[in-house]
Structures are given as C-alpha cells and as structure tokens.
Amino acid sequence: MIVLENVSKSYSTGAPAIKDISLKIDDGEFVFIVGNSGSGKSTLIKLLLKELEPSTGSIEVNGKNLKNIRRKKIAEYRRGIGVVFQDFRLLKDRNVYENVAFAQRVVETPHKIIRRRVPAMLALVGLAEKYRSYPKELSGGEQQRVAMARALVNDPAMLLADEPTGNLDPSNSWEIMKLLEEINNRGTTVVVVTHNREIVEAMNKRVITMHKGVILSDEKKGEYSYENQYSGI
C-alpha cells in the first residue's frame, strides 16, 4: 500500500524536513503517526499526496511509484486517496448532501450512482437525517463526519486523516476515532496524524513516532507508550 525507501526532503533553505525515512504500511492497516511540531509529520502527508517531491528516495502508493506520475495525472492519483483535515474544509454554501456529492461530481460519477452512494455514506457516518443541513447548522463533530463521508464516497483504498480531532471536544473526538476504526474494519487502510496521546494510547494500534525528521520508533499494536518513546531524548 505505502512504501517509502530512504526518503529525504529538504526545503530551499537547505533545512531537512524528512531525513532518510524508510517504512511500509500494508493494505488494511490502521496506523498512527505522532510527534511534536516540526517532527516531519505534515511533510510526510504532503509527500504521500504528491504536494511535495522528495529530495531523495522513492515513494510507492497503491502500487504506483509517485516519481512516475505525470503532472496531468496527479489529480487522478489523489482521487484514490480519501483525506480528512482538522479544519473540515466544507463548502459553506452547499448543504450536507451537496458537499459529499461534490466529490463524486468532480470525477464525473453518473447521477444515479451519486443518488445511491451519497445517502449510503451519510448513513455510515450517522448523518442520514442531516442531508439538507448546511455546515453552519452543524456541530464540529458533525462537520467532521461530513468531511469523512466526502473522503470516503469514492471508495478510496486509503484514508489519510491529518489531526481529525484537533478542533473537537473529547466526546466528539472519541466518536470520530470509533468511526475511523469502523472504516478500517471494512477494509480501508487508515493513517492518522495526531497529537492526541490519550487516544493513541487507548486504541492499541501501530504507532510511528517521528522526531526532527526521522522515525524515532515504530511500535506494533499495544506496545506504544509516550513516556517510553521520548525518555531518551
């Protein structure tokens, strides 16, 4: 699913953001990526989305070497990846149904499929009755659920969630994480970037810890402890 081999990324200033990272995430895994600000987490996500190009090394996603994807094919590549952001990024002038349907219209999905697929996704995230509501009428947790429905409506093999609970209270945060776990149980590979130590420790998933551009540790399910990861720094 995701394979990075000796990947580094330096910016124009010469400062390294990612330094010689190698990792593999298999189909169907649920993986947390954690680390302090400046650890390289956001750079890693941008590399996977081909928003940035690595300075050295190779990246393969869904069997495709990203280096070989032409510029005009980048949008098509990104459609195979669902992405959820901290700030929801919903269209404020469109209701819930249209926000989710937009992701399908972009890829020219036939109308009859949209009419079937969008309600199914809203039901999955528990918002079937809110399809006519606008973002301003929803809570933060509900807006994030809409964003997740939109990310999933094209049935991507992988979901990247960048701080999905960053703007939510603890109750809504747990609801979102339960939903991500359910999505993963349905077969979707889930990669979550987060600062929420409580959630990471409680969910017993694989945890990749980054620090100053390198992978500090890669812990299997149930082995992660924040104190252990940073005790030697």
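## Lys 130 and Glu 142

Lys 130 is partly exposed, its relative accessible area being 30% (buried means under 20%, exposed over 50%, partly exposed in between, with a 1.4 Å probe and protein chains only). Glu 142 pairs with Lys 130 in a salt bridge, with 3.7 Å between the closest N and O atoms; a salt bridge is a side-chain nitrogen of Lys or Arg within 4 Å of a carboxyl oxygen of Asp or Glu. Glu 142 lies in helix α5 and Lys 130 in the loop between α4 (111-124) and α5, twelve residues apart. Helices are DSSP runs (H or I, at least four residues), numbered from the N terminus.

## Basis of the model

This is a predicted model, in which local features need pLDDT of at least 70 and side-chain atom pairs count only at pLDDT 80 or more, while totals for chains, interfaces and linings use all residues. Residues are numbered from 1 along each chain as its sequence is written, and side-chain values use heavy atoms, without hydrogens and water.

## Arg 145 and Glu 175

A salt bridge also joins Arg 145 to Glu 175, with the closest N and O atoms 3.5 Å apart. Arg 145 is in helix α5 and Glu 175 in helix α6, so the pair ties together parts 30 residues apart in sequence. Arg 145 counts as buried at 16% relative accessibility, whereas Glu 175 is partly exposed at 32%.

## Other salt bridges

The structure holds 13 salt bridges. Among them is the one between the side chains of Lys 24 and Asp 26 (3.7 Å, N to O). Asp 26 counts as partly exposed, at 35% relative accessibility.

Notes
Helices (H or I, at least four residues) and strands (E, at least two) are DSSP runs, numbered from the N terminus.
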